[in-house]
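Dear colleague,

I am passing on the structure we spoke about, with some notes on what came out of it. Please read the notes with the structure open beside them.

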Amino acid sequence: MPLNATPALLPVYAQMPVHVVSGHGSRLVDADGNEWLDAYGGHAVASSGHSHPRVVQAIASQAGQLLFYSAAISLPIREALATALAERCPGALDRVFFCNSGAEANENAFALARKRTARQHLVSVEGGWHGRTPGALSVTSGARYEEAARRSGVPLSTRVPFNDVDAIRAAVDDTVAAVIIEPVQGIQGARDCSVEFLRAAREACSTQGAALIFDEIQCGVGRTGSFTAAESFGVTPDAITMAKGLAAGLPIGAVVITPWLAEGVAVGDLGSTFGGGPVVCAAALANLEVIDEEGLMENVLQVSERIRNGARTLGIAEVQGRGLLLGLRLDRPAASVQRALFEHRVITGTSADPDVLRLMPPLSFAPAEADRLLDALAKVLS
Ligand SMILES: Cc1ncc(COP(=O)(O)O)c(C=O)c1O
């Protein structure tokens, strides 16, 4: 298939030249019946795998019962999902707002922080990526995003150099509403923050009365081997934003916050027509149950270790990231290795770092699938 096969779609994506018609677990099938291994996880979305039968069943059953009603009416399935998230998040993170995407979750987190602190300014970290809506762009690194933020008229956040403990301490003063950090920077090739840096951010926010937001849109929902990346680092923020892997394929965003951040929130402060709709909530709830009941977070830790060890055997000097958000630092351009793996019907990702190949397979990626990925890598790198 040619790239961007129809002019009816805006040509804003560099598409992989494969025509996928179905997927189960970590396997995809193309229009010619060929099987592919998906180490890209549908862009880190297919957390319990593609089309997990329990998620599909939950969607079908809920769709047959009630396809939609907005949050103008209370729905047991929405309340069940909010409770399930509150139970799984660490510390006092137990209040939830649902929306439809990652960028929207971040925008709502900023709105909550600004309201609670009566301040405006945001602090972010160099290399972080937070979405394409104006507020999200204002905290996203990279010349093209900063230019897009300027075009939308939003002031840019203060950028702190990656893992610079002194800089984060210095940047957070009593004008700052929130600090947003991706604990594992996906677009940078799964570059993980140091625990010291996250602790310094926590301390600075607590001292100055600013909100600490973890953007876990890519690294959350079990991907680090803990339900939240926050637990994996042992640092608890005031807000966690989630999206991608939460409903394993249906569009959802969520902001989970503490009672401190929720104080004073009143009717009309936030809103979203589709946010927290019954079908997406049923999908997310089934997905969370699958992650728990099938031991997928334990699997993440085991398979992550297998990939790290295998990569070392192949002479790959550095593997960054956590769990199943990994970046393999190669001795040649990652894009060429990605293309060569593609020839072996293995789908992987690149990153902003030209030497780093990004892996974000389903949390159910099996040891045998990791071995198939490593075999293909061995052939490509030899
Ligand atoms: C860390 C992070 N934050 C925010 C977003 C934006 O999410 P969405 O595309 O759902 O708006 C993404 C998407 O790639 C992301 O990886």
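**Ligand surroundings**

A nitrogen atom of the ligand has a backbone N or O atom of Trp 129 at a distance of 3.2 Å. Please keep in mind throughout that this is a predicted model.

**Helix 11 and its two partners**

Helix 11 (residues 278–293) packs with helix 3 (residues 76–88) at an angle of about 35°, the two axes being 8 Å apart, and the crossing of this pair is left-handed. On the side of helix 3 the contact is made by Ile 77, Arg 78, Ala 80, Leu 81, Ala 84, Leu 85 and Arg 88, and on the side of helix 11 by Pro 278, Cys 281, Ala 282, Ala 284, Leu 285, Leu 288 and Asp 292. By class, these residues comprise 11 nonpolar and three charged, with no polar ones.

Helix 2 (residues 53–65) also meets helix 11, their axes coming within 8 Å and crossing at roughly 155°; since angles over 145 degrees count as roughly antiparallel, helix 2 is therefore roughly antiparallel to helix 11. This crossing is right-handed. Helix 2 contributes Arg 54, Val 55, Ala 58, Ile 59, Gln 62 and Ala 63 to the contact, while helix 11 contributes Pro 278, Val 279, Ala 282, Ala 283, Ala 286, Asn 287, Glu 289, Val 290 and Glu 293. The contact of helix 2 with helix 11 divides into 10 nonpolar, two polar and three charged residues. Pro 278 and Ala 282 of helix 11 are listed both in the contact with helix 3 and in the contact with helix 2.

**Helix 12 and helix 14**

Helix 12 (residues 296–313) and helix 14 (residues 367–381) have axes 10 Å apart and pack at an angle of about 25°, and they are therefore roughly parallel to each other. Their crossing is right-handed. The contact is formed by Asn 299, Val 303, Arg 306, Ile 307, Gly 310 and Ala 311 of helix 12 together with Pro 367, Ala 370, Asp 371, Leu 373 and Leu 374 of helix 14, and its residues fall into seven nonpolar, two polar and two charged.

Notes. Residues are numbered from 1 along each chain as its sequence is written. This is a predicted model: local features need pLDDT of at least 70, side-chain atom pairs count only at pLDDT 80 or more; totals for chains, interfaces and linings use all residues. Side-chain values use heavy atoms; hydrogens and water are left out. Axes are lines fitted to C-alpha atoms, for helices over the stretch in contact, and angles run from 0 to 180 degrees between N-to-C directions. Helices (H or I, at least four residues) and strands (E, at least two) are DSSP runs, numbered from the N terminus. Angles under 35 degrees count as roughly parallel, over 145 as roughly antiparallel, 65 to 115 as roughly perpendicular and the rest as oblique. A crossing is left-handed if the near helix is turned anticlockwise from the far one by less than a right angle, and right-handed if clockwise. Contact means heavy atoms within 4.5 Å. Ala, Val, Leu, Ile, Met, Phe, Trp, Tyr, Cys and Pro count as nonpolar, Asp, Glu, Lys and Arg as charged, and the others, Gly among them, as polar. A polar contact is a pair of N or O atoms within 3.5 Å; within protein, one must be able to donate a hydrogen and the other to accept it, and residues adjacent in sequence count only if both atoms are side-chain atoms.
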